[in-house]
Amino acid sequence: MNAVALTDTSNMHGAHEFYLSCKSEGLTPILGTEIYIESELDPSLQHKLVLLAKSLSGYRNIIELVSQANLENAGGKAFIRFEDMKKLKEKQKDLEMVCLSADITGEIAYYILTGQSEEKILKRI
């Protein structure tokens with residue numbers, strides 16, 4: 001492999017050391033986070049979402065979202081809302097991030113497991 005990713009949960013504390021280690025080994029570092037996002041179906045739930053930076057701009061966008069999540073939810077589970085990403089998107093043409101639906105605790109899996117319609121699932125994707 002010539003690239004490897006690191007996705008701390010709800011933070012990016014390991015990014016600097018990871019970046020330096022990858023560079024020293026000739027690997028391309030992919031920086032990101034696994035963050036919680038408020039469920040559209042049930043606001044009392046938060047689902048995992050993986051964000052990976054495609055560029056320095058994407059890295060900065062992820063830092064902005066993670067910082068916002070931690071500041072707004074101090075002492076609790078840090079999470080964002082879909083609207084937070086939409087607001088960030090309004091400021092720029094491209095967020096320069098790859099967004100993955102995460103594991104079985106992700107929102108897309110939740111939609112499938114709770115029997116949501118294919119139309120609803122595709123709309124959320």
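**Stop 1: Leu41**

Select Leu41. Leaving out residues up to four places away in sequence, Leu41 touches Glu107, Tyr110, Tyr111, Thr114, Gln116 and Lys120; contact means heavy atoms within 4.5 Å. Leu41 sits in the loop between β2 and β3. Helices (H or I, at least four residues) and strands (E, at least two) are DSSP runs, numbered from the N terminus. Leu41 is partly exposed, at 30% relative accessibility. The classes are buried, under 20% relative accessible area, exposed, over 50%, and partly exposed in between (1.4 Å probe, protein chains only).

A note on the model. It is predicted: local features need pLDDT of at least 70, side-chain atom pairs count only at pLDDT 80 or more, and totals for chains, interfaces and linings use all residues. Residues are numbered from 1 along each chain as its sequence is written, and side-chain values use heavy atoms, with hydrogens and water left out.

**Stop 2: the core**

Select Ile35, Leu51, Ile62, Leu65, Ile80, Met85 and Met97. Of the 20 residues in the largest nonpolar core, these touch the most other members. Such a core is a set of buried Ala, Val, Leu, Ile, Met, Phe, Trp, Tyr and Cys residues joined through side-chain atoms within 4.5 Å. Two or more residues each come from α1, β2 (28-38), β3 (46-53), α2 and α3. The largest share is that of α2, with four residues.

Zoom in on Met85. Beyond four places in sequence, its contacts are Ile37, Leu49, Leu51, Leu65, Ile80, Leu95 and Met97.

**Stop 3: α2 against α3**

Select residues 56-72 (α2) and 82-91 (α3). Their axes come within 11 Å and cross at roughly 145°. Axes are lines fitted to C-alpha atoms, for helices over the stretch in contact, and angles run from 0 to 180 degrees between N-to-C directions. Show side chains next. From α2, Asn61, Glu64, Leu65 and Gln68 meet Asp84, Met85, Leu88 and Lys91 of α3.

**Stop 4: Ser10**

Select Ser10, in the loop between β1 (3-9) and α1 (15-24). Ser10 is buried, at 11% relative accessibility. Apart from neighbours within four places in sequence, Ser10 contacts Thr33, Glu34, Tyr36, Val66, Asn70 and Ala78.

**Stop 5: the cysteines**

Select Cys22 and Cys99. Which one is buried, and which partly exposed? Cys22 is buried, at 4% relative accessibility. Cys99 is partly exposed, at 44%. The whole structure holds zero disulfides, meaning pairs of cysteine sulfur atoms within 2.5 Å.
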